[in-house]
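This report describes one protein model for a reader who is new to structural work. Please keep the sequence and the three-dimensional view at hand while reading.

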Amino acid sequence: MNKAISFGAELLPATASSTTLRELILSNDLTFLMEAHDGLSAAIAERAGFRGLWASGLSIASALGYRDANEASWTQVVDVVERMVDATNIPVLVDGDSGFGNFNNARLVARKLEQRGASGICLEDKSFPKMNSFVGDRHLLPDIDEFCGRLKAVKDTTGPDFVVVARIEALIAGHSLDEALCRADAYSETGADAILIHSREAVADEILTFTKEWNNKLPVVIVPTKYYKTPASVYRDAGISTVIWANHSMRAAIAGMRDVCGRIRSEESIAGIEDQVAGLDELFRLMGYDELAEAEERYLPKQSAERRPGALDQFQKS
Ligand code: SPV
Ligand code: MG
């Protein structure tokens, strides 16, 4: 089944199979994980050619109408992730925030995510409730031993293929590079599979210094939301494993919806924006309505003369 569509930029067919998250993170090539926050954004990212997804806490919360401060419950996040997994064939690394509580909450969330098909979880060393790393200055780090207990509980509860990324917020919280390195060592010894070092500087300097000092004892994952001007070649040269484009589909959706709403409101018409929004045919292809039409042929009783129109008829008419 070819699901290739044109959506402004060239989109690729949905992949039949994919590389595992562990393979992506361990590979010598720089890996890019694209943010998604629901089944639709996940499907679009896959068809753009991304080989893995970031289930962003910020974006999922925003799409649900919450702030990125653990206002969305862990079960709501798990439900969204399940839709992302079902809509794609590529691995999903889930932003597990700080684990929604202590070791027990963290392992419960991780096990549920694994059961719903996620490929890994990223746990950040903050306390519950967390606040988005770009908001305010109240970012208290938990005790290292306590956070290691959270990581260990998740590792012990999940299978060997499930990836656990330990995210260090020391630089966000205004601590030193030494504090970040000390935490990275502790999380690595506890069994983390990769280290995410986060920064809110406008330049990549502190990330690059961390990476140099860390010397790839575990793969390094970064989120260049604030230091977005740095070219990917710098990360390749630094030996960074994975770049997360953390919130750009959600922000693109905000810009697109804001513009369309404004125009329809002021023009009292949808005529002017018709060729600027995705066509319904593209949506139907993206969501695989053709597969449903084929399934109807296979599974619905044939009603030869007065056959009711099925999905294929609807699809072809649109
Ligand atoms: C997210 O996408 O939710 C993240 C990245 O955790 S950040 O917003 O930079 O904290
Ligand atoms: Mg987050």
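## A buried serine in a loop

Ser98 is located in the loop between β5 and α5. Its relative accessibility is 0%, so Ser98 counts as buried, the limit for that class being under 20% relative accessible area. The structure is a predicted model, and every value in this report is computed from it.

Which residues does Ser98 touch, leaving aside its neighbours within four places in sequence? Ser98 is in contact with Asn70, Leu123, Glu124, Lys126, Ser127, Phe128, Lys130 and Arg150. One of these residues, Glu124, belongs to strand β6, which covers residues 120-124.

## The protein as a whole

The protein has 318 residues, and 44% of them count as buried. Its secondary structure consists of 13 helices and 10 strands. The accessible surface amounts to about 16,000 Å², and carbon and sulfur atoms account for 52% of it.

Contacts can also be sorted by separation along the chain. Among contacts between residues at least 6 apart in sequence, 73% join residues that are at least 24 apart. Leu113 and Val78 illustrate a pair separated in sequence: they are 35 residues apart along the chain, while their C-alpha atoms are 6.0 Å apart in space.

## An enclosed strand

Strand β7 spans residues 163-168, and six of its six residues are buried, so the strand is largely enclosed by the rest of the structure. In a regular strand, side chains alternate between the two faces of the sheet. In β7, Val163, Val165 and Arg167 point one way, whereas Val164, Ala166 and Ile168 point the other way. Residues of both sets are buried.

Which strands pair with β7? Strand β6 is joined to β7 by five bridges, and the two run parallel. Within this pairing, Glu124 stands opposite Arg167. Strand β8, made of residues 194-197, is joined to β7 by four bridges, and these two strands also run parallel. Here Ala166 has Ile195 as its bridge partner.

## Helices that link the strands

Helix α7, residues 177-190, has the corresponding place in the right-handed β-α-β unit formed with β7 and β8.

## The surroundings of ligand 1

Which residues surround ligand 1? They are Trp54, Ser56, Gly57, Leu58, Asp95, Asn132, Ser133, Phe134, Arg167, His198 and Ala246. Arg167 in this list is also a residue of strand β7, where it is buried.

For Asp95, a polar side-chain atom lies 2.8 Å from a ligand oxygen. In the case of Asn132, the distance between a side-chain N or O atom and an oxygen atom of ligand 1 is 3.0 Å. For His198, the corresponding distance is 2.8 Å. Taken alone, ligand 1 exposes 280 Å², and the protein buries 100% of that area.

Leu113 is part of helix α5, which comprises residues 103-115. Is this residue buried or exposed? Leu113 has a relative accessibility of 1%, so it counts as buried. Apart from neighbours within four places in sequence, Leu113 is in contact with Val78, Val81, Val94, Ala118, Ile121 and Phe162.

The loop between β6 and α6 contains Pro129. The peptide bond from Phe128 to Pro129 is cis, with omega near -5 degrees.

Two residues other than glycine have a positive phi value: Phe100, near 60 degrees, and Asn216, near 55 degrees. Phe100 is found in the loop between β5 and α5, the loop that also holds Ser98. Asn216 lies in the loop between α8 and β9. With 9% relative accessibility, Phe100 counts as buried, whereas Asn216 is partly exposed, with a relative accessible area of 40%.

Conventions. Residues are numbered from 1 along each chain as its sequence is written. Chains are lettered from A and ligands numbered from 1 in the order in which they are written. This is a predicted model: local features need pLDDT of at least 70, side-chain atom pairs count only at pLDDT 80 or more; totals for chains, interfaces and linings use all residues. Side-chain values use heavy atoms; hydrogens and water are left out. Buried means under 20% relative accessible area, exposed over 50%, partly exposed in between (1.4 Å probe, protein chains only). Two strands pair if DSSP finds at least two bridges between them. A crossover is right-handed if, with the strands pointing away from the viewer, the path from the first strand over the helix to the second runs clockwise. A residue is near a molecule or strand if one of its heavy atoms lies within 4 Å of it. A polar contact is a pair of N or O atoms within 3.5 Å; within protein, one must be able to donate a hydrogen and the other to accept it, and residues adjacent in sequence count only if both atoms are side-chain atoms. Accessible areas come from the Shrake-Rupley method with a 1.4 Å probe; for residues, only the protein chains shown count as cover. Contact means heavy atoms within 4.5 Å.
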